[in-house]
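Subject: Structure for you to look through

Dear colleague,

Please find below the structure that I promised to pass on to you, together with its sequence.

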Amino acid sequence: MYELTSLSFSLWAVLAFTGTYGVNYGKIADNIPKPGNVALLLKANKIKNIRIYDADHEVLKAFKGSGIEIVVGLGNEYLKDMSVNEDRAMDWVKENVQAFLPGTSIKGIAVGNEVLGSADQELWEVLLPAVKNVYNALDRLDLTHVVEVSSPHSEAVFGISYPPSACTFKETLLPYMKPLLQFFSQIKSPFYINAYPFLAYMSDPEHIDIKYALFQSNSGIYDEKTKLHYDNMFEAQVDAAYFALEKIGFEKMEVIVSETGWASHGDANEAGASVKNARTYNYNLRKLLLKKKGTPHRPKSPVKAYIFAMFNENLKPGPTSERNFGLFKADGSIAYDIGFDGLEPSSALPSFLSLKDIGLQGWFRSSYSLVYMTSAAVLFFLIFS
């Protein structure tokens, strides 16, 4: 019965990502700003779309009334339980999504992360049932027109990805990928891909032109089959996903980049990880996304991407690069200049600097520090109270 109900809502498309530029707000750290200050930082820099990797209630409460649109995450550790337990999925949706609507603008649920690109075949098998149970819970709560259901993938789901027109999904994944895409097609959800030119360059710096990876002037690549020219790897990766989808019958599905970024520091064997390259990549990517233009293969479909990540996260395991993808340092100051303003590293924001204050003081030039805006908010209060 629930399956039929779900399909009956397939005509409604939810826009979980209404802009073109978003940020991933990870929190594997013990020294980053509190969620309320993060909301202020995002508002001050006019970043309206974010993804988080859980459904942290402190974050969801802090973002109430901010207007910032959030995709929450349902971690891989929940998938097996969700896949066999409709009531558990309903409880999770009620507790972590419905309870915060409409004050907090939760626009999507990412069910799992990079599941089909992992080596865990048990998770491959439970992903679609978990997705369906989460969607059905939203359906029964009349929220499918408000909250999108999706599942982001890594580049590891592709067998071939170069040139873009040759891109295909791995044969071993098709028994799992095709039914998942069929369901997402029915409910009008996009295909989310984590695309990192940084990782591609790092894996083969001798054969990949770093200028091609950084959106700098270069000869680019020419796809003989399509006669399309690519002057940057990012757009080539997006189009590769489109070509892979087309080959298995999903030519109408939108591709959105759920993660992309460049590390500002790395280990000796992590080629390209530097502040200079991170700034160049993220500055040029932001400029590209704000133009709201398409790719060579899909020129009429504006490219959309969430940047990884908001902060350098000091507790992330793995190589040094993993802890250095942030646009902002742990104290809220900018990691490098791409046009954003940071929090003052030497000053804590008073609790009375609310989101309402940011809205009232919106006429201040963005170059003014948030601490200055705090003083202005106090003055406003004294004059008009």
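**Two cis peptide bonds**

Proline 102 is found in the loop between α5 (86-96) and β4 (106-111), and a cis peptide bond with an omega of about 0° joins this proline to leucine 101. A cis peptide bond also joins phenylalanine 308 and alanine 309, where omega is about 10°; the place of alanine 309 is in the loop between β13 (305-308) and α12 (355-360). Please keep in mind, as you look at these details, that this is a predicted model.

**The chain as a whole**

The protein chain holds 13 helices and 13 strands, and of its 385 residues, 53% are buried. If you take the contacts between residues at least 6 apart in sequence, you will find that 69% of them join residues at least 24 apart. The chain exposes about 17200 Å², and carbon and sulfur atoms supply 54% of that area.

Phenylalanine 215, in the loop between α9 (210-213) and β10 (221-223), has a phi near 65°, which is a positive value in a residue other than glycine. Is phenylalanine 215 buried or exposed? Its relative accessibility is 16%, and because the cut-off for buried is under 20%, phenylalanine 215 counts as buried.

Lysine 227, which lies in the loop between β10 and β11 (228-230), likewise has a positive phi near 65° and is a residue other than glycine. Lysine 227 has a relative accessible area of 53%, and so it is exposed, given that the cut-off for exposed is over 50%.

Which residues line the second largest cavity? They are Val238, Tyr242, Val255, Ile256, Val257, Ser301, Pro302, Val303 and Lys304, and they divide into seven nonpolar, one polar and one charged. Helix α10 (233-247) and strand β12 (255-260) each supply at least two residues of this lining, with β12 giving the most, namely three residues.

The largest pocket has a volume of about 450 Å³ and is lined by 20 residues, of which Glu114, Tyr196, Glu259, Phe308 and Lys316 lie nearest its centre. The lining of this pocket divides into seven nonpolar, five polar and eight charged residues. When you look at the pocket, you will meet Phe308 again, as one of the residues nearest the centre and as a partner in the cis peptide bond with alanine 309.

With best wishes

Conventions:
Residues are numbered from 1 along each chain as its sequence is written. This is a predicted model: local features need pLDDT of at least 70, side-chain atom pairs count only at pLDDT 80 or more; totals for chains, interfaces and linings use all residues. Side-chain values use heavy atoms; hydrogens and water are left out. Helices (H or I, at least four residues) and strands (E, at least two) are DSSP runs, numbered from the N terminus. Buried means under 20% relative accessible area, exposed over 50%, partly exposed in between (1.4 Å probe, protein chains only). Contact means heavy atoms within 4.5 Å. Accessible areas come from the Shrake-Rupley method with a 1.4 Å probe; for residues, only the protein chains shown count as cover. On a 1 Å grid over the protein atoms alone, a cavity is a set of points where a 1.4 Å probe fits but cannot get out, and a pocket is an open set with protein on both sides within 12 Å along at least five of seven lines; lining residues have an atom within 4 Å of a point. Ala, Val, Leu, Ile, Met, Phe, Trp, Tyr, Cys and Pro count as nonpolar, Asp, Glu, Lys and Arg as charged, and the others, Gly among them, as polar. Grid points are joined across faces, edges and corners, and a volume is the space filled by probe spheres set on the points.
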